[in-house]
Amino acid sequence: MAERYPGYDVLAKRHTPSWNAQTRRVVDERLAMPREPRFFSPAEFRTLEAITTRITPQPSHRPPIPVASLIDDKLMRHRHDGYRAASMPKDGEAWKLGLRALDAETQRLCRCLFHLLDPARQDEVLRHVEAGDAHSVEWGGMPSQTFFRQRLLTDVVRAYWSHPTAWSEIGWGGPASPRGYVRMGYDRRDPWEALEARGDDQDAVRQENRHVG
Amino acid sequence: MRHGATLRAARRLNRASAVLATSVLLDSAVEHDRGSFTNRAMYTPLIVSALTLAISAHGTADKRPAAHRARQAVYAAGAATGLLGTAFHLYNVLKRPSAWTWQNLFYGAPLGAPMAILLAGLLGTAAEAVRDNPPHRARVLGFSAGRLLSAISGLGMSGTTGEAGLLHFRGAFHNPAMLALVTIPPVGAALLLNAASGPKDRNRWLARWWLRLVAWMGIAGVGFHIWGVQRAMGGWSNWRQNLIDGPPIPAPPSFSGLALAGLAALGLLDDHPDG
Amino acid sequence: MSDDPLATPRGKDGRAPDVFRSGGWVPMRQFAETETVDFLIVGTGAGGGTLACRLAEAGFSVIGLDAGPWFRPLEDFASDESEQTKLYWTDDRISSGGNPVQLGSNNSGKAVGGSTVHFAMVSLRFRPEWFRSRTLLGYGTDWPVDWREMWSYYQEVEQALKISGPVSYPWGPKRPRYPYRAHELNAAALALAEGCEAMGIAWTETPLATLSAPHGLAHPCVYRGFCVTGCSTNAKQSALVTWIPRAVAAGAEIRDLAMAGRIEVNDAGRVTGVQYHREGHWHFQKARNVVVAGYAIETPRLLLNSATDRYPDGLANGSGLVGHYFTVQPNQAVWGTSAREIRSYKGAPSLALTEHWNYDDNKDFFGGYCYMSQGPLPQLWANTLANGRGLWGDRLMAAMQDYNHQVGLKIVGEMLPQERNRVTLADETDQYGLPIARVEYTWCDNDRALIDHSLKFMTQAMQAIDCRDIWSQTDDTCHMNGTARMGDDPRTSVVDTNCRCWDIPNLWICDGSVFPTVGGVNPSLTIQAIACRTADRIRALSSRGEL
């Protein structure tokens, strides 16, 4: 996939009026987050990492966003959604149960742990879970499709897009306070927004995006 | 040889044009930057107003009682730019959804803005024509120069009031001082139009003082707008947004420019009541 | 600021945070717990915050309790979706039924200022006929309120919040000009406008509770687009920066991080005050009157949790309807991808809207809807693609690359109030030891018909503006109302026209729970208008000695 916003980095705007002190503090904390799991066991974490690689696959040419660590961190701090289906346990419990059940499901289908499967088979397993087609006893009363949507997909996706690398990738303006935006119409961008590459102009756009700020 | 009064008036008009040109140069630079100069033509008012400013400075210092070719050319270009600009701005507004709406008048290209360079051009052209008179005469295009210039300044002042009033309405008149804009200059315009059409031998002390008031209002406006920019979110540190989204700092002196032109016109009426 | 508003209360020691000045404080009256105040209000959002202000300004002694923190937007709010989840009610709740409702960030705030701290600022008036939906339009229930009365209260709220709206509004009876002018439309809003023109219907700039010009010490909007995660500009006119500062200036006390647990009732069946949890232990505040304004889940929850021998089914529940008729609004959307750059993250989420289908009765279902332009931030958008469209893996990553080209239309519509949709108490307890709320929701056929109509129409509108890859987000709801409905008859309602509980004369309810129907517009303006009206009603009753 050719980059749509080559050379654009929201972090380059850290000391412009687009970022304020509290935003820097919050993002710095996130970037400095420890990678080792503190909520999940090492085995659970391995499964989780494999899952995140399938849900939000990342390009290999840049440092990866630590999606699994972000989820681990969130659960350790008890940052929950504030509601759940009647059939679901609380967020942290749901994850542990779900990871255990997923590995059990994989054992049932492929006689192997999830993280050891090849990507195509991993996707197959995830699709079973998504469709509610998971029948291992480890699921207990928790419907696999509800786990997939309410916890797995939701938490993975939000963790990924909580990271500045993801923001830069999609050309989002990023943090914006006190400075917001001026030019709001079609095909308009402020000088502190990302320039989109349109085809074979990657290098020129990369140059331009280096000066965005 | 009585060139004195006409020369004085002409130089005053050059100065008035300079003030208007300065306002246009700075204001159009900011506003066309907001527009990202997406159309190459958007550089034109910057270039033309810069030239107008330079040439008007030249004219203000020039004591020769004769029109100057280069100045005439630049002023003509200014007037043309104003007319073309108005057409472009009109097109910009009309192509938006629903065309004639408040939203498009507020946020589309400001319809009245190019008028400022048109006026700078007209006043400058008149300045050259006034200068070009033989002694004891002050006529432009067959009209009494005093009357004609009073009319142009008066109409210009009304138009500028309309444009600025629209923008203060968009700002919701949230500060009572903003009402000054829609009360003081209209009276000034009325006094000028009265001078243009009324009896020739009058002591126009009220018009004179009122125009001075308008001129000072234009300066005070800069102060208010500076206040408005610094109290916006992020103040000066957010200048790249606030200079554009906040009240336009270079805009108010266009009233001062018109007031100066009006005072020059009144001077002509006093010195050459018959033209 | 070194103090953490989530850990330490700020409304104490005779002072309150000055939300307009970094690190500033304003003096705040402080009542002793043993002092019996005239009005103790639980919840300081669109209902409770407004009422606290108006009652304090009328000379009553008022305390407002809020379970949430007292934020200083200028300093506490970061430009970060994850960090800003601190604005939402994320205590445990169960959501079930045939069409379970999303709670949390979707519709539940926890802060001084309530859900107005995270709302999208859309400030719309009810269509007058909706106050008589049963009589005039054949569905739902009539409100015990006349639309002409509401019209003047709408004006009061619009003036107080300096609503930025169009110079003339295309629908409904004439209304006075909005105090401030509408904001500039972003590309997403222009797309809505073009779509409406192609479909031959009217559209307008959305009246928004965010400033387009300065007001007092608040800054005008800078179009940063983080509105629903908290406005750090103070342009958003939430209760936190409008009604609450006025309330404090008029002598009210606001206690933040104060979770109400139980309303106490005496032997005569009148309320005497509220048990609340603050700074680690339980307190009791005496009051002559208690107002419950916790929004449509916490209000019935508190009433149910306050059950006594005399009121075994909870307070104010003679009708048995406390918690019933929980009604949300459909929030379905149609999305597409434009060849042009939209970058909808700039500006407020909903800068343009059409209320055409609220005023056109040529439909084969009851109720109406409006639809508006959208500008989701990355996490919200990614979640929409994942959960709403079923994308994950490479397909999700590819779709997210089009973020700056996505454009959409989203409805706020009317669902019919159904008794079976309700809030009850679950067996589990929360961190305060209180039984948690369980919400059950199932759509009816009319709801589905309205949703289908809206999706078809919006799809056509999107096609008309040359979008590709158009898809429908079929399951989304917003807001919540109805669980303590107003009415004329104590058998079929919980409160009367004065928002006073039929069963207990010194217990009142003043929030979205009182809505008998929800209409096809966002509820915030109506909730605040009802609160202003309730304050006037209370004043009238008081002057007649009927309190």
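Leaving aside neighbours within four places in sequence, V62(C) is in contact with V37(C), D38(C), F39(C), I41(C), A52(C), L55(C), A56(C), A247(C) and A252(C). Contact here means that C-beta atoms, placed from the backbone, lie within 7 Å. The model is predicted: local features need pLDDT of at least 70, side-chain atom pairs count only at pLDDT 80 or more, and totals for chains, interfaces and linings use all residues. Residues are numbered from 1 along each chain as its sequence is written, while chains are lettered from A and ligands numbered from 1 in the order in which they are written.

V62(C) belongs to the largest nonpolar core, which has 228 residues. V62(C), V156(A), A52(C), A247(C), V291(C) and I509(C) touch the most other members. A nonpolar core is a set of buried Ala, Val, Leu, Ile, Met, Phe, Trp, Tyr and Cys residues joined through C-beta atoms within 7 Å. A residue is buried if 20 or more other C-beta atoms lie within 10 Å of its own, exposed if 12 or fewer, and partly exposed in between, with C-beta atoms placed from the backbone. This core draws at least three residues from each of domain 1 (1–18 + 173–213) and domain 2 (28–166) of chain A. Those bounds come from an automatic or database domain assignment. The C-alpha centres of the two domains of chain A lie 32 Å apart. A second, separate core of 59 residues includes L53(B), A79(B), A120(B) and L149(B).

In chain C, six strands form an open antiparallel sheet in the order 8-15-16-17-14-20. Helices (H or I, at least four residues) and strands (E, at least two) are DSSP runs, numbered from the N terminus. Two strands pair if DSSP finds at least two bridges between them. Strand 8 (204–205) and strand 20 (468–473) of chain C are the edge strands. Helix 5 (residues 187–199) of chain C packs on the sheet, touching strand 15 (352–354), strand 16 (369–373) and strand 17 of chain C.

Five bridges join strand 14 (residues 333–337) of chain C to strand 17 (residues 406–413) of chain C. A333(C) stands opposite K410(C), and G336(C) opposite V407(C). Five bridges also join strand 16 of chain C to strand 17 of chain C. There, Y371(C) stands opposite I411(C). Eight of the eight residues of strand 17 of chain C are buried, so this strand is largely enclosed by the rest of the structure.

Nine residues of chain B are in contact with seven residues of chain A. Helix 9 (residues 239–245) of chain B gives the most to this side of chain B, with three residues.

Definitions and conventions: Two residues are in contact if their C-beta atoms, placed from the backbone, lie within 7 Å. Axes are lines fitted to C-alpha atoms, for helices over the stretch in contact, and angles run from 0 to 180 degrees between N-to-C directions.
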